[in-house]
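Please read it with the structure in view.

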Amino acid sequence: MQSPESTSVGLRTPIALELKNLRKEFHVHRGKTIIKAVDGISFSLKRGEILGLVGESGCGKTTTGKLVMRLLKPSSGSILVDGEDTTAESANSKESDFAYRRRVQMIFQDPYASMNPHFKIRDVLEEPLLIHRVGETKEERTEMISAVMGKVKMTPVEEYLDRHPHMLSGGQRQRIATARTLILRPEIIVADEPVSMIDLSTRAEILQLMKTIQQEMELSFIYITHDISTARYFTDRIAVMYLGRIVEIGTQDEVIDDPKHPYTKALIQAVCEPVSGRVGLMRELDIKGEIPSAANIPSGCRFHPRCPYATKDCAEQAEPELMDVGGGHQHACRRWKEI
Amino acid sequence: MNLRDGLDGLRDFWKEFSRVKTGLVGLAILLVFIFLGVFGRWLIPFPDAMKHWQDITYWEDNPQSAPPAWTNWFSAKKGVPSSVLARPKVEETKGDNDVVIKAFTFDFKFTYDLAPKDLIVKMAGDGPIPAKIEIYRPDGTGGEIWRDQLNLSPGQGERISLARSASDGVLGFVQSQNPDIAATIDPTLIKPMTVMFTKIAPDMETNPVALKGEYRIVVTELVPSSDYKIDTPSIEVSGHVSGILGTDKSKRDLFTGIILGIQWALIIGIMTSVISVVVGVFLGIVAAYFGGAVDWILTRIYELIYLLPVLPFLIVISAIFKPSIWTLIILICLFFWTGSFKTVYSMALQIKEETFVEASKALGSGSWRIIVKHISPILLPYSFASMALSIPAIIVYEASVSLLGLGDSTIVSWGQILQAALTQGAVINNLWWWVIPPGLAIALMGMSFAFLGTALDKILHPKLKTR
């Protein structure tokens, strides 16, 4: 097992995490149907950066998170942490898995379900320490737990330690979930819709807290969400996913203020604004229909059946790859100049 | 986890447990049972009963089918409770040629309406000993009612049942008191005990009136020479009522049986249910969690055993192998683990997909940690309920096997007492004390486990807890 010092100081490269052409297929109905949940995505996450992974439900963003978390095995492609290929055969041992989990942690969407209802807050926070054999005595572990609870502003600590998760509010629970991921001092955190189940009133507070901690601890953060408005508020870069692929990626200002892909435009258009005079007005979206099944991906550009600008070319020609328009802003629409 | 953490956990657990009233009641009943199970052998009037439960001669001094002693409180005619007269007054006279005559005087206070069923005099010693028995009544009458030459040898005592052996002597006594009345008595039908404890009157046989007061029973033995010796005799009063819970048709003391049954009920019930539920829950979780070939194999084994009829199978195996109780426990376990397997399997399938299991995996938990820390605790309340529920069934299975003479006859179980009651017509003959106590004991034990189960359920299921 590696010590925390060697993982955080040793091999530091500017890129914390890199996905290369990552794919995940699920075989259902005895292999007759193949669901391509993640269909060849590549991106890199810089150290200390927050990358937003935005898309509709079913677009593969959660699957991507789980692939990064090693909760699922990729069908092909590779995941590089600090330039090391963690999907290689050599990295497939129990020890490397153990070391990996100290470096990469996950915050789950539902803070109600992500904690064992039988555990007290102390047990929830102690579990990672026990798994990784950190802290010799109970006192030592309690000290670490108190420290991390202070970090997520759950004070006074004693008041919460002996409570069960169901005795806390959603926001408090998500703070505890965050504390659990931080206690091992990881480098990368995957947050899967961490605020979508939380009351709107506490959302900003939790996001603010996460951002503060991220900056303090220099964490690299993957923020998975369907809500492009919090993504702008929270992230440094945004990757828009559609049906298992990234269709646009760039800094948050570029993607939101100057979207190139019609899908990104539609997502931005769909954001509700509580502005007087516009409340009664239902937005008419340009895109039509529902996201198609990942088991039956349309030919050509996978967005063409819903795209208002689609032409014959879009349906028949090969799927466009990501194109750079400068400053790392990439998109996958062949008609971007026309629309 | 070190020892201190464990103790802390235990203390916390007790703090929560003590708040659940039903759980405390269940625990209290169970503790009483455990106490009686462990120390019962020093509380029962027949300490060797465990070895001799099926031995008719061990119980021969007891009355047959006698109700409990406390039923006297509710009945118009009080019967004599069974008891033992010991520590007589000894009077020794020396005769010629080393001859010693020993007279043992027993005081017997008789204040009941019904005469004892029998007085059994037990004599032991070594050698040819002439002996006689006299009874002196409170009204000053009385005399010798039995005399004989005993051939005693060590380990081979004599047991004289006065109800059977003293007919002639008692008739002689009546004759000496009132020859007219004696003439009306049929010597073949005389009931010596009734006569000896009744006022002498013309209708004393049909309508006996008890003669109450202090009786003296004198046993005189003659030791011919110093080569021979005798032990102090004792007298068993075989009454109408007996002990705390009466006797059964084979004269066995039922209180002794119930107390001895506790430890076997606990041993059979707890051992079998714990082993079978632990095995069932473990295999259920393993099959659900690992899936694939493990799942397939375990499910097939489960189906195979589940399809076998338990009782016929137990009977056949018991008939062939004549199992001891331990083998029987293992045999019952082989069938009973299926009881919890499928439920646990389906519950575990659901739990293993929970986000907190995924979260724990993301933290680096191995399979066994998830099984032990995350899945098992959720199934614990179910397991305890399942244990509590299976205990009565297990006791009944053991009883059923015992009924057919295929059980372990060296033990005393409630099931065996109940089955004996059933086959020997306790219900028809209104021998309620033979049926209700063992039935109640089984019910109480089942209840205590059920109470414990629900209490644990409340503690281990925080969502059910009132906040």
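## A helix pair in chain A

Helix α7 of chain A covers residues 170-182 and helix α8 of chain A covers residues 200-217; they pack at an angle of about 15°, with their axes 10 Å apart. Axes are lines fitted to C-alpha atoms over the stretch in contact, and angles run from 0 to 180 degrees between N-to-C directions. Because of this angle, α7(A) is roughly parallel to α8(A) (angles under 35 degrees count as such).

On the α7(A) side, the contact is made by Gly171(A), Gln174(A), Arg175(A), Thr178(A) and Leu182(A). On the α8(A) side, Thr202(A), Glu205(A), Ile206(A), Leu209(A), Met210(A) and Ile213(A) take part. Contact means that the C-beta atoms, placed from the backbone, lie within 7 Å. Helices are DSSP runs (H or I, at least four residues), numbered from the N terminus.

## Where the chains meet

In chain B, 20 residues are in contact with 22 residues of chain A. Two helices of chain B, α13 (355-363) and α14 (367-403), each supply at least two residues of the side that touches chain A. The most comes from α13(B), with 8 residues.

## Numbering and confidence

Residues are numbered from 1 along each chain as its sequence is written, and chains are lettered from A and ligands numbered from 1 in the order in which they are written. In this predicted model, local features need pLDDT of at least 70 and side-chain atom pairs count only at pLDDT 80 or more, while totals for chains, interfaces and linings use all residues.

Terms used:
Contact = placed C-beta atoms within 7 Å. Parallel < 35°, antiparallel > 145°, perpendicular 65-115°, else oblique.
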